[in-house]
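Thanks for passing this one along. Here are my notes, to be read with the structure open beside you.

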Amino acid sequence: MAFVIITTIIVIGSVLFNFITPWWFTPLASNWGSLDQTIVITLWVTGVAFVLISGFILYCVVKFRYREGHKAKYEPENPKLELWLTVVTTIGVIVMLAPGLIAWQDYIDLPEDALEVEGVGQQWTWSYRFPGDDGIYGNTNGRLISSKNTFGIDPLDAYGQDDILVRDNKVHLPINTPVVFQLRSKDVLHDFYIPQFRAKMDLVPGQHTNLWFIPTVLGTFEVACAEFCGTGHWAMRGEITVDEMADFQTWLSQHPTFVETMNESSEGRGRQIVQSLGCVACHSDDGTTRIGPTWRGSFGTQRTLVNGETMNIDEAYIKKSIMNPSIQIAAGFASIMPAYNLSEDELDAIVEYMKNLSVE
Amino acid sequence: MEQNAAYEGQQIYHPKGWWGHYVFSQDHKIIALQYTCVALAIGLTGMFLSLMMRMQLGFPGLFDSIDAGSYYQDVTMHGMIMIIYLLTALFLGGFGNYLIPLMLGSRDMAFPYVNMLSFWVYFLSVIILVASFFVPSGPTGAGWTLYPPQSILEGTPGGDGAGILLMLVSLAVFIVAFTMGGLNYITTVLQSRARGMKMMRMPLIIWCIFLATFLGLLAFPALFVGAIMLTFDRVLETSFFMPEIFKGGEVLDYGGGSPVLFQHLFWFFGHPEVYIIALPAFGIISELISCHARKNIFGYNMMVWALIAIAGISFIVWAHHMYVAGMNPYLGFFFATTTLIIAIPTAIKVYNWVLTLWHANIKMTVPMLYCLAFLITFLIGGLTGLFLGNVSVDVPLSDTYFVVGHFHMVMAVSPVLALFGGLYHWFPSVTGRMLDDRLGTIHFWITFIGTYLIYFPMHYIGFLGVPRRYYSNQQYDFIPDSVADLNQFITICALIVGASQFILLYNFVNSAIRGKKAPKNPWGACTLEWQTLESPPGHGNWGDQLPVVYRWPYDYGLPGATADFVPQNVPDEQIT
Amino acid sequence: MDRHKPINSEPGILKLSHAQVFLYLLLAVVTILFLFLTNAYVFRMNFEDWQPLAVPSLLWVNTCSLVVASMGMGWAARAAKANNKNNLKIGLFVGGLFALFFLTGQFLAWQQLIAYGYFLADNPANTFFYLITALHGLHISGGIVAWIVITKKSWKTDDAKSRSAQVSLLATYWHYLLLIWVMMFGLFLST
């Protein structure tokens, strides 16, 4: 009968799909193989249960189909059978739960001698901080955050002076070294997720969270935000490049300490500001059109807005686009840019930067 | 004498005029129909929103108007509408209102006036929700979970406008409606049953709706508190949930709050909520499977105890939605254990449904098709829950399409299959006519196969790591192009399944007007709602005399009887 | 005899009238609501930046008003049961009057706090205070509506005993509101 045939195909098809699916775990690049193993155990237990129970259902549908004049067996209950089934189910549950809890104990047990790095999330980009030679992060305070001090580090805290700042969404890590991430958010909930490392943890504004893993494969891996954080959530991409230790040290030495960033000249300040505020998540500086229009070659040109008006991209236009973007949306783009309440100083720096991008 | 009065003792309201009969009716059957119609209408809207989402995922760029903002608005409103305004309202307000008095041998609910009010307050909540589509910012796009801080800030659609406010107000109004209705259902079940209808002789669907109502009454206050506090944070700039925030180039005027507190409040409500939806679906399956297999339900007592266990344990599993939310990691051990423990009574229920088919006499009617499809899809949905409940396994899988596949299978596909089966089964009781079999079968197959094809593959892109709530996957190298092909395939399936729901709608309306006239008890069911004097039941349900109950509701295939069923109100002496 | 219960029916699980079951369940739901508020309050209280609120002494007066109101309603209930229509009226009058005193007093307490500069959004202790007293006040208002309805029916009646069931329920509700107030007030005082 149709139901039995079609459902048998569905059941067999589902099981087969497990073996021929093109979509499976990404290649493992960390120490968290135990999570993969637990998933596979769970797949086997649940798979067997699915096949057995579906099979039984289909068997019954065939064997006990309706016959006129026949009556079903009257069997209100069978306590022994129910007990047996409960015991078997409990064993199945334990078989899945035990490895899972053991893996969890590992996951939350931060290793003592690990490389420490802080991941900072904001709408819609990532930045990173290393605690520097003293191995201790400087204190941070949300109220200290500014375009000059994007990490909000307390300038009076001695421990913060040597913190190494990575004001970019790409970070490097050394291979085969345990890494403990300290995670925090400047604004809303985010989640630091690297599929190949099997690791993720939310970033909660107002508190710190932790994540640890050991990268075991050289290469570049993507960070995808895994907690909804607004209209740019899907564009909040980061990168972790796993290097040999020597290459990692070289890369690290190219980044300034907190003290050095506080003493930086204001040349290139515009670029720092747009990096630190996350503008780069939606706007490119190299001509590619992303969620928002590119900045390269835009200053001084004409732009048509969604309402048909044409405007000249001058200083006033740029400042208004930042302070009140929703009233001058470029044609072909959506009105999803939030407003940024920047100081005159910061706005001037950005305008300078825009001009430089149109000079060639 | 009082005993021989026309309506044996129980006061019921006699409607006056057209408005009293059909609009502000206090008759539970009319109120049930009202709930059903409004819920299905808003549900169709929710389905349309999901198709908009699927268009973006399957054919990005085809519709310019679906930008990231409107995509997230579609996602959010789709989720909230389906869970609260369709499923909760339809299972409890629709099925609950119709079946509770009829199946218990009562004339109406304990408080018909409050019952009538509960519908109109629900209707008001729907109006408020729909109003959010028409405000300048549009509806909220914060995700149905409405997590602060983003849900009340700029950068999320509706966050700094009326969108989020209307949502929160609508939820508060819904909770008032639910409380009024829920108190009615509990009072009626506890206190207003016909003679002989002991608690352990109640049909399982009544147990299910009864326990689901309890869950709701105890869980919704948590959402209410969270919603009020979130509203305060949004309107009065308090900081219940808002920590220090640097946004838009400046430090905002908030501080000291805890976003994780909102999550605790929300999920303390949110987890029981999924059982509020699942339990009535379980009940429908219990009724349908025994009736259409012509066999008693297997293990009635265990079924009741399993329901009570599920209801109780459902209050201590909530933080399995928060394993990576930044709460104390040691809580993970506790919640993983309770979550996997709740699998055991749930499994017992599945075994009992399946054992009901053993040595049965199965009629492959349309309701039976829906039961069987429910079992298959609920198996998938329930079993995938075991992955997510296991705390460490949840780490790679949380917030991926594995979760999307799981919760749709277990909340959208299987309960909706149960729902359709229930509509099919009780349609003759409500209208006196049968739904068309052929259309029903076609609708069944498209829905069953279609939804399976939509949600089954999602688990695998979840294994791959494709995150949920992503407007577009194009930015990520780890997501191969084949995922875009799969998304296209899923969208096409979704469009077909969506279109096929109009077959049901047509069947509904057409059969109500010109369907084949139904005999009084077309399925040969034992439960009381089919044993009224007239079918559909008249006002007051039972005529002069309330029924008396002599047996449990599952005397199908009773040895010693010629017929293959004996209704609950037939005493032993009268068995033929 | 409960007029809702037909002769040919199964006795209810609980030896209570329908209305009593409804009310007690409602009170259970309201209890959960205030439990969650308390929970959130205690959770927040444990953060380092907690600044306790100075509780206005007016609240002690309000508490006394609510006690008298509750006693009045209770007395009315007993009077109805004893078929004493005069005492019923007195009890209801006292109950309603002091209920209004309580509600007014709560508003005045808010005014006092605002006058002394304790604004809603300034710190969490303030916000919780306003929120909790507002929600309690909302339930008090509901109780006043119930009081109006029941007093209207009971004022002119000759048969006080027939009002007994309703007035008892009213009294139960007001005793409950007092209980919740005492717990919340205790919460504010203890921090």
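1. Chain B and chain C of this predicted model bury about 3,800 Å² between them, and carbon and sulfur atoms give 72% of that area. Buried area here is the accessible area (1.4 Å probe) that two parts lose on being put together, summed over both. On the chain B side, B:Leu183, B:Gln191 and B:Arg195 supply 17% of the area buried against chain C, more than any other three residues.

2. Counting contacts (heavy atoms within 4.5 Å), 50 residues of chain B touch 35 residues of chain C.

3. Which side chains form the salt bridge here? C:Glu10 pairs with B:Lys198 at 3.5 Å, N to O, and the count between the two chains is one. The criterion is a side-chain nitrogen of Lys or Arg within 4 Å of a carboxyl oxygen of Asp or Glu.

4. Chain C itself has five helices and one strand, in the order β-α-α-α-α-α from the N terminus. These are DSSP runs: helices are H or I of at least four residues, strands E of at least two. Its C-alpha trace spans about 60 × 35 × 20 Å along the principal axes.

5. Of the 191 residues in chain C, 49% are buried, meaning under 20% relative accessible area (1.4 Å probe, protein chains only).

6. A word on conventions: residues are numbered from 1 along each chain as its sequence is written, and chains are lettered from A in the order in which they are written. Local features need pLDDT of at least 70 and side-chain atom pairs 80 or more, while totals for chains, interfaces and linings use all residues, and side-chain values use heavy atoms, without hydrogens or water.

Conventions
Buried < 20%, exposed > 50% of the residue type's maximum accessible area, 1.4 Å probe, protein only.
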